[in-house]
Structure formats: C-alpha cells, structure tokens
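Here are my notes for someone opening this structure for the first time. Have it on screen and click along with the points.

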Amino acid sequence: MFGRFLNLGLLMLVAACVGPPKGRSADTAPRKPPAVVNENIKQCVGELDRLGTRYTAIPDRSLGGGCSNIGTVQLLGVGVPITNVTAIRCPLARALALWTRETLQPAARDAFGSRVVKIESMGGYSCRNMIGGRGAGRSEHATGNAVDIGAFVLADGRRVSIRQGWNGIDDERLFLRQIRGAACKRFQTVLSPDYNAAHFDHLHFDLGGKPFCR
C-alpha cells in the first residue's frame, strides 16, 4: 500500500514539473489586439521622413495632471541638428522643419551670408503651467505642443542668441525679428522678448489656442 502511494506521489511531482507541449503557450488568456495607429499621426510621420527630419518615436503616455506625450517624437534634426527636444508633437515638429527650410535658412543667408548648422532649443515637453502668460492653466509644453528656441549656430562659427541678439547689433536684431514675424504665419502662438520678461532669452512656438504673435 505504501508503495502505491509513493508511486502516485512521484507521478504527481513529475506532472507538476513538466511544462506544456512544445509550440503551445502556458498562457491561454486572449491577447489584446494591437493599438490602432492614429492616421493623422501616421501621415505626419511620413511627412517628417520626406522632409529629412531626424527623430525617434516615443510611446504614447498619459502622465496625469493634464500632462501627456501623445503622438510625440524626440526631435534630433530638422535639416540641421536641433538640441534638447526630448518630446514634441509630430505636427509641431513638421511645422518647425518647414519653418527652418523656408524661413530660417534664407533669412540667415541674407543677413549673414552663412547658413544655420545647428539650432539650440530650450526644450519641448515640460509638465508645467504657463509662466507669465495670458491666463492660468497648463502650458502647451505640458502636452509637447510647444518648443522654445534659444540660439542658432552658423556655418562660419558665429552664434546668434535671442538673449544677446534681440537688442544687439543691427544684423542680429533684424534677423531675429524677421524669423519671428515669419513664424507667426506658421505657428498658432509665437512669443518673443517683446511679449514679457519670461521670454527674454527665447522664441516660443506652439500650435495651440487662438493665433497670437508678439
């Protein structure tokens, strides 16, 4: 009798240690279908490729408190390298690439006889409220729908910054105001040092709200 119980126990132990047959999964729970790709974002990313933009896709994330990264990319280049843009919504990245090609580069050639080889950004996504703005609430930065530009580096080594150039020598002052004015036709909101003290060192571009340019 003891031998029969011993053999039965051994069989149960072996059965517990043996996994499912090869080719079958132990997890029989139904798998969720892949997320549907937003067609507008898919089209936008295709346009980034055609514009020669360099970027890395970022998984969609809702971060709570009105902050999110939905349809965003880490932007690395818009025809030229751009720094410090960890997350930016695709339509804004596209607008920035077009502004660089159609406005920034021609203006730099006219003003300085040199092309821009790097754009220095002060960031895109940031989970925060508006700073010194037109009202309370979350900034467009909180959803990656805004980007701040601080300076431009030219092929001849010259660096033109908003902080030093906005009220600096004539060619820089005229150049920065020209590209600000043209940006107002490309973005919904454009803010410069003329707007308030919080923007003394950068140009703010976003695609939210009503058109506003200063």
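Is Cys127 buried, partly exposed or exposed? Cys127 is partly exposed, because its relative accessible area is 39% (buried is under 20% relative accessible area, exposed over 50%, partly exposed in between, with a 1.4 Å probe and protein chains only).

1. Ground rules. You're looking at a predicted model, where local features need pLDDT of at least 70, side-chain atom pairs count only at pLDDT 80 or more, and totals for chains, interfaces and linings use all residues. Residues are numbered from 1 along each chain as its sequence is written, and side-chain values use heavy atoms, leaving out hydrogens and water.

2. The partner of Cys127. Cys127 is joined to Cys67 by a disulfide with the sulfur atoms 1.9 Å apart (a disulfide being a pair of cysteine sulfur atoms within 2.5 Å). This disulfide is right-handed, because the torsion about its S-S bond is about 80 degrees. The two cysteines are 60 residues apart, with Cys67 in strand E3 (residues 67-69) and Cys127 in the loop between E6 and strand E7 (146-154). Helices (H or I, at least four residues) and strands (E, at least two) are DSSP runs, numbered from the N terminus. Cys67 has a relative accessible area of 2%, so Cys67 is buried.

3. The other disulfides. The whole structure has three disulfides. One of them joins Cys44 to Cys90, at 2.1 Å from S to S. This link is left-handed, with -105 degrees about the S-S bond. It connects helix H2 (residues 39-50), which holds Cys44, with helix H3, which holds Cys90, across 46 residues. Both Cys44 and Cys90 are buried. Then there's Cys184 with Cys213, where the sulfur atoms are 1.6 Å apart. Here the torsion is about 45 degrees, so the disulfide is right-handed. Cys184 sits in the loop between H5 and E9, and Cys213 in strand E11 (residues 212-213), 29 residues away. If you number the bonded cysteines in sequence order, the pairing reads 1-3, 2-4, 5-6.

4. Helix H3. H3 has 23 residues and spans 31 Å from first C-alpha to last, close to the 33 Å expected at 1.5 Å a residue (the expected span is 1.5 Å times one less than the number of residues). Have a look at Thr100, where H3 bends by about 40 degrees; the bend is the angle between axes fitted to the seven residues ending there and the seven starting there. After H3 comes Gly113, with a positive phi near 65 degrees.

5. Salt bridges around Glu102. There are eight salt bridges in the structure (a side-chain nitrogen of Lys or Arg within 4 Å of a carboxyl oxygen of Asp or Glu). Glu102 takes part in one with Arg101 at 3.9 Å, N to O, and in another with Arg186 at 2.6 Å, N to O. Arg186 lies in the loop between helix H5 (170-183) and strand E9 (189-191) and Glu102 in helix H3 (residues 90-112), so their pair ties together parts that are 84 residues apart in sequence. Glu102 is partly exposed at 43% relative accessibility, and Arg186 is partly exposed at 30%.

6. A salt bridge between strands. Glu120 and Arg159 also pair up, at 2.8 Å from N to O. Glu120 is in strand E6 (residues 116-123) and Arg159 in strand E8 (residues 159-161), 39 residues apart. Glu120 counts as buried at 18% relative accessibility, whereas Arg159 is partly exposed at 48%.
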